[in-house]
Amino acid sequence: MSLDALKIAALTEGRYHIKTVAQTDSTNNQLRQEAIEGAPEGTALFAAHQTAGRGRMGRSFFSPEGSGLYFSVLLRPQGVASGMKITAAAGVAVAEAVRDVLGLELSIKWVNDLYYKNRKVCGILAESATDGQGGFAWCVLGIGLNVFAPEGGFGELSSIAGALLDQRQEGILERLAAAILDRFFAWYDKLEEPSLMEAYRSRSFLQGRTVTACRGEQRLRGTVAGIDEDGALLLQIGEDLIPLQSGEVQLEDYR
Ligand code: BTN
């Protein structure tokens, strides 16, 4: 069963090019191909199920049939846009949409994981190609949101992954999809405004926590002092304040 593309298009008043499929390997893979073939900005591809959903750092993303939103959005940013800001906008957009549609508050773990009740419920994977002049030819923004608990549970992921709702509800996936698209594109027009990083920081739960971060071969242990205006995580290690532009951190006092 695929999502109802017409319902999402109606809820978003035709602002985007909505496509839905019952199954694909990865919406990022499929949309990347469409990007190369010239699909326009605002094309959004949703799959009810991914057979090879991908996460960051070469990991897989569990995408069972009808349990979540697995989708990718095609962007063609003009000028020099920051990939970090685009993914920050996506994280904030998902949190805002979940609050507006379901009344639930999500928090953000840098760089772009969203948590609900101590479980990861959403991951974001942006992939892009450059235009050779310092800009983007295209950027495929992939979002995976676990909305309903999968029928067989999360299996070996159950200590880490969670879902927003225990029971399936008719029409929720389409409403969330529409709200995420609208919230995302509202922020996409304001990537350089300080309010974006303020909204991001207000949901970040790493402040003051002790973390371990990987930077290349290096493992860095420190206290999170904040997130700067470009989205870098500021790690306090003794007297030094180290900005991390990318990567992942592990919390010491957290599962
Ligand atoms: C992560 O948590 O590491 C990122 C997960 C991103 C998953 C989404 S689901 C839709 C899109 N297609 C993919 O293959 N991955 C992204």
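Helices and strands here are DSSP runs, numbered from the N terminus. The model is predicted.

View 1. The ligand sits in the largest pocket. α2 (27-36), β3 (68-75), β6 (119-130) and β7 (136-146) each give two or more residues to the shell around the ligand. β6 gives the most, with 4 residues.

**View 2. Residues around the ligand.** The ligand is surrounded by 19 residues. Ser26, Gln50, Arg54, Arg56 and Lys120 are the closest. Sorted by class, the shell holds 10 polar, 6 nonpolar and 3 charged residues.

View 3. Arginine 56 contributes a polar backbone atom, 2.6 Å from an oxygen atom of the ligand. Taken alone, the ligand exposes 410 Å², and the protein buries 98% of that.

**View 4. The cavity.** The count comes to 1 cavity of 30 Å³ or more. The volume of the largest cavity is about 30 Å³. Its lining is made up of Met84, Thr87, Ala88, Trp110, Val111, Asn112, Met197, Tyr200 and Gly231.

**View 5. Elements and classes in the cavity lining.** α3 (83-102) and α5 (194-203) each supply at least two residues of the lining of the largest cavity. α3 gives the most, with 3 residues. The lining has 6 nonpolar residues, 3 polar residues and no charged ones.

Technical notes. Residues are numbered from 1 along each chain as its sequence is written. This is a predicted model: local features need pLDDT of at least 70, side-chain atom pairs count only at pLDDT 80 or more; totals for chains, interfaces and linings use all residues. Side-chain values use heavy atoms; hydrogens and water are left out. A residue is near a molecule or strand if one of its heavy atoms lies within 4 Å of it. A polar contact is a pair of N or O atoms within 3.5 Å; within protein, one must be able to donate a hydrogen and the other to accept it, and residues adjacent in sequence count only if both atoms are side-chain atoms. Accessible areas come from the Shrake-Rupley method with a 1.4 Å probe; for residues, only the protein chains shown count as cover. On a 1 Å grid over the protein atoms alone, a cavity is a set of points where a 1.4 Å probe fits but cannot get out, and a pocket is an open set with protein on both sides within 12 Å along at least five of seven lines; lining residues have an atom within 4 Å of a point. A molecule sits in a cavity or pocket if more than half of its atoms lie within 2 Å of its grid points. Ala, Val, Leu, Ile, Met, Phe, Trp, Tyr, Cys and Pro count as nonpolar, Asp, Glu, Lys and Arg as charged, and the others, Gly among them, as polar. Grid points are joined across faces, edges and corners, and a volume is the space filled by probe spheres set on the points.
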